[in-house]
Amino acid sequence: MKKAFAILIAFLFFTTSFSQNKSGNPEVDPIQIQKTYESWSVYNKKIMLSRDFTALDSSSKEITKESFLDQLANGNFIPIRLKSKDSIYYYKLFKIQPKTDSSIKATINQIGFDAYKNYKMEGTAFPPFSFKDLNGNLVTNESMKGKIIVIKCWYIHCAPCIREFPQVNKLVEEYKDRKDIMFLSLAEDSTEQLKTFLARKPLSYSVIPDMKEYMNEALQLNSFPTHFILNKEGIIAKVLPNFESLEVALAKESKL
C-alpha cells in the first residue's frame, strides 16, 4: 500500500513538473527591455495578444485571457512571451519597474485596453449592415451568411493600413479558390477619394466607402487597421490589429 502511494506521488510530481516545464524562461529580459522606450517598442511589435495563448500572472499561475488583458489595461505590468517546448504561446505578466519610462506604462495600458475590447467583441454578432461597394454591389448580413468574411477597417492617411496592402493582397490570392471566404474592406473615405487612391495603391478586397460613422458608432473603433473574421453564422470569430495576427487566425478559421 505504501509502495503504491509512493508511486502515485512520484507520478503526480512528474506530470506536474512536465506541465510546468512546457514553458520556461522569458524570451527577453523583462527588466532590460524597460530601460528605454526604444527597447520596449522593438519588442512590442512582436507581441500578438489577439492570438490564442496561455496566460500567466506575475506568480506564474495560469489565468484567463480576459483577466490577463484586464490587468494589462488597468495594472502595472508588462507582457512577455515565454520560451516553450510546444507550439502553444505563453505570455506572462511582469511588474513594471519603478524607474521605467512612464510612456511605456501608458503604451501598455492602451494596448491592453484595445486588446481587451477586441476580445470582448469575439463571440458576438457583427452589427447589422447594408453597404454598397465601389462597384455598386450590395453587401448585407443576410447575403454574407454561409461564408467566412474577412473585413479590413482603414482609411487613406493611415500609414500602417497602407503598408500591409501587399500582404493582404497576397492573402486574397492565397484563398482565391475558396468560394466560402470573402474579403471586404470598410474605408472612412469618399468614393472619389478612394478611386483616385486605389488607382495608385490597389487593394484586392471589395472596398466600401464612407464608413467612418459606422466604424465609430457601430464598431466603436479607435485603432487602425483593425481586422475582423466572421464565421459562417455571422459571428465575430476574431478581432485583430495587424496582418500577422490575421494570417494566423484565418488559417485556423478556414480549417474549421
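The legends below describe an overview and several close-up views of a predicted model of one protein.

**Figure 1. Overview of the protein, with its 10 helices and 12 strands.** Taken along the principal axes, the C-alpha atoms of this predicted model fill a box of roughly 75 × 50 × 30 Å. The protein has 256 residues, and 45% of them count as buried. When contacts between residues at least 6 apart in sequence are considered, 66% of them join residues that are at least 24 apart.

**Figure 2. Helix H3 against helix H4.** Helix H3 covers residues 65-74 and helix H4 covers residues 102-121, and the two pack at an angle of about 145° with their axes 6 Å apart. The crossing in which H3 passes H4 is left-handed. On the H3 side, the residues that meet H4 are Lys-65, Glu-66, Leu-69, Asp-70, Leu-72, Ala-73 and Asn-74. On the H4 side, their partners are Ile-108, Asn-109, Gly-112, Phe-113, Ala-115, Tyr-116, Tyr-119 and Lys-120. Sorted by class, the residues of this contact of H3 with H4 comprise 8 nonpolar, 3 polar and 4 charged.

**Figure 3. Helix H2 against helix H4.** Helix H2, which spans residues 37-44, comes within 10 Å of H4 when their axes are compared, and the two axes cross at roughly 20°. This angle is under 35 degrees, and H2 is therefore described as roughly parallel to H4. The crossing of H2 and H4 is right-handed. Tyr-37, Trp-40 and Asn-44 are the H2 residues in this view, and they meet Ser-103, Ile-104, Thr-107, Ile-108 and Ile-111 of H4. The contact of H2 with H4 divides into 5 nonpolar and 3 polar residues, with no charged ones.

**Figure 4. Helix H7 beside helix H10.** Helix H7 (residues 165-174) and helix H10 (residues 243-253) pack at an angle of about 15°, and their axes lie 10 Å apart. Because the angle makes it so, H7 is roughly parallel to H10. H7 passes H10 in a crossing that is left-handed. The residues that H7 brings to this contact are Gln-167, Val-168 and Leu-171, while H10 brings Phe-243, Glu-244, Leu-246, Glu-247 and Leu-250. In the contact of H7 with H10 there are 5 nonpolar residues, 1 polar residue and 2 charged residues.

Figure 5. Apart from neighbours within four places in sequence, the residues in contact with Lys-238 are Ser-50, Arg-51, Asp-52, Lys-65, Glu-122, His-227, Phe-228, Ile-229 and Ala-249. Two of these partners can be followed atom by atom in the close-up. A polar atom of the Lys-238 side chain lies 2.8 Å from the backbone oxygen of Ser-50, and the Lys-238 side chain also makes a polar contact of 3.1 Å with the side chain of Asp-52. Gln-193, by contrast, is 45 residues from Lys-238 in sequence, and the C-alpha atoms of the pair are 29 Å apart in space.

**Figure 6. Gln-34 in the loop between strand E1 and helix H2.** Not counting residues up to four places away in sequence, Gln-34 touches Ile-78, Lys-95, Ile-96, Gln-97, Thr-100 and Ile-104. One of these, Ile-104, is also among the H4 residues that meet H2.

**Figure 7. Cys-158 in the loop between strand E8 and helix H6.** Strand E8 (148-154) and helix H6 (159-163) lie on either side of the loop in which Cys-158 is placed. Cys-158 counts as buried because its relative accessibility is 4%. When residues up to four places away in sequence are set aside, Cys-158 touches Phe-224 and Pro-225. Ile-208 is 50 residues from Cys-158 along the chain, and a distance of 16 Å separates their C-alpha atoms.

**Figure 8. Thr-140 in strand E7.** Thr-140 belongs to strand E7, which covers residues 138-140. Its relative accessibility is 17%, so Thr-140 counts as buried. Beyond neighbours within four places in sequence, Thr-140 is in contact with Phe-129 and Ser-130.

Methods:
Residues numbered from 1 in each chain as written. Predicted model: local features only at pLDDT ≥ 70, side-chain atom pairs only at ≥ 80, totals over all residues. Heavy atoms only, no water. Helix = DSSP H or I, 4+ residues; strand = E, 2+ residues; numbered from the N terminus. Buried < 20%, exposed > 50% of the residue type's maximum accessible area, 1.4 Å probe, protein only. Contact = heavy atoms within 4.5 Å. Axes fitted to C-alpha atoms, helices over the stretch in contact; angles between N-to-C directions. Left-handed = near helix turned anticlockwise from the far one by under 90°. Nonpolar A, V, L, I, M, F, W, Y, C, P; charged D, E, K, R; others polar. Polar contact = N/O pair within 3.5 Å; in protein donor to acceptor, adjacent residues only side chain to side chain. Parallel < 35°, antiparallel > 145°, perpendicular 65-115°, else oblique.
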